[in-house]
Amino acid sequence: MKKMIIGVLATLFTLLTVSAIGLYWVYQSVVSYGQAQLKLDAPVEFELARGTSFSQMATALAQTGAVDELWKLKLLVRLRPELAKIRSGLYQLSPNDTVVELLEKLRQGKEMVFTVTLVEGQSIKEWREQLKQLPRLKWQDGAFMQVLEDNGDESKLPEGKFYPDTYHYGAGDTVKVILQQSYQKMQQELDKAWQERDQSIPLKSPYELLTMASIIEKETGKASERPWISAVFTNRLRKGMRLQTDPTVIYGMGERYQGNITRKDLREQTPYNTYRIHGLTPTPIAAPSGASLMAAARPADVDYLYFVSKNDGSHIFSKTLTEHNRAVDKYQRNR
């Protein structure tokens with residue numbers, strides 16, 4: 001009898017030991033599973049609809065190939081219940097993410113972020129075409145005008161009033177999310193430039209400074225020349241000379257511009273042809289950068305009245321028409 005009891009106890013001890021070892025193996029396996037990287041070769045998008053359960057999410061996740069052995073995933077959230085509190089949204093699954101890092105991303109709602117760069121020197125028309133093509137962004141016709149109205153600007157003149165920069169948005173955002181940020185940034189930068197301007201410049205309002213900056217932006221190929229190009233236009237305004245700058249002519253031509261400006265184009269009377277009009281154009285002709293705003297506000301202290309392109313992005317600056325014509329002969333007419 002004593003031997004039988006000892007045998008039973010030995011058997012129970014063996015079973016308990018095997019069970020303990022088994023449980024420990026399962027525990028370690030699940031922990032290791034949580035620290036393993038996703039089974040992906042490249043990032044993929046993963047969308048969770050509102051109301052998706054954890055079980056449904058796990059099945060969808062397996063279908064992407066990012067995870068396998070779903071029983072381990074389900075045991076993992078039993079060990080760490082907070083990881084089961086997932087949020088809806090669009091997420092990016094990265095090969096570098098571990099299973100736990102992914103679940104934390106879903107728990108914290110760290111949705112996929114998209115980026116767009118609005119380039120300085122481009123027009124509203126060019127930005128509009130770019131914005132229409134962005135993934136996961138809802139386009140709205142008339143968005144530029146609507147942002148103006150939302151900010152109390154009833155001019156219906158959006159050109160130049162949006163700041164060129166890099167912006168971020170989430171899936172499902174409307175284009176106004178980007179444009180509102182861009183408009184506010186331009187207001188801040190323009191106000192800063194206006195407050196810090198040289199009081200002697202012949203510009204009567206922040207809008208005129210914005211217009212001047214847009215012309216400088218279009219004429220600048222070399223960043224360091226912005227203050228000098230600004231000085232040329234400023235000196236011309238002071239003397240009552242026409243600005244005579246090709247980018248304004250091009251802007252006024254609109255769709256008719258096909259890469260070349262003819263003598264006929266230079267003679268055409270349009271509000272933007274600075275070979276025919278005196279002073280600034282009625283509106284900006286592009287989106288100026290912060291550097292161009294400051295160049296318009298504080299032109300270089302030089303007495304140049306002319307410049308001509310050297311065809312490498314830089315310019316030759318001249319004080320007299322005779323010097324300018326020699327530079328034109330050297331760098332342009334001989335072409």
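The buried residues of helix α5 (buried meaning under 20% relative accessible area, with a 1.4 Å probe and protein chains only) pack against β3 (113-117), α6 (143-150) and α7 (175-195), with contact taken as heavy atoms within 4.5 Å. In α5, which spans residues 124-132, these are Ile124, Trp127 and Leu131. They cover an arc of only 65° around the axis and therefore sit on the same side of α5. Helices are DSSP runs of H or I with at least four residues, and strands are E runs of at least two, numbered from the N terminus.

The model is predicted, with local features requiring a pLDDT of at least 70, side-chain atom pairs 80 or more, and totals for chains, interfaces and linings using all residues. Residues are numbered from 1 along each chain as its sequence is written, and side-chain values use heavy atoms, without hydrogens and water. The chain averages a pLDDT (the predictor's confidence in each residue, from 0 to 100) of 90, and 92% of the residues score at least 70.

Turning to the rings, the structure holds nine aromatic pairs, counted for Phe, Tyr and Trp (its six-membered ring) when centres lie within 6.5 Å; planes under 30 degrees apart are stacked, over 60 edge-to-face and the rest tilted. One of them, tryptophan 228 with phenylalanine 317, is edge-to-face, at 5.2 Å centre to centre and 85° between the planes. Because tryptophan 228 lies in helix α9 and phenylalanine 317 in strand β6, the pair ties together parts 89 residues apart in sequence. Phenylalanine 317 is buried, at 12% relative accessible area.

Terms used: Buried means under 20% relative accessible area, exposed over 50%, partly exposed in between (1.4 Å probe, protein chains only). The arc is that of the directions from the helix axis to the C-beta atoms.
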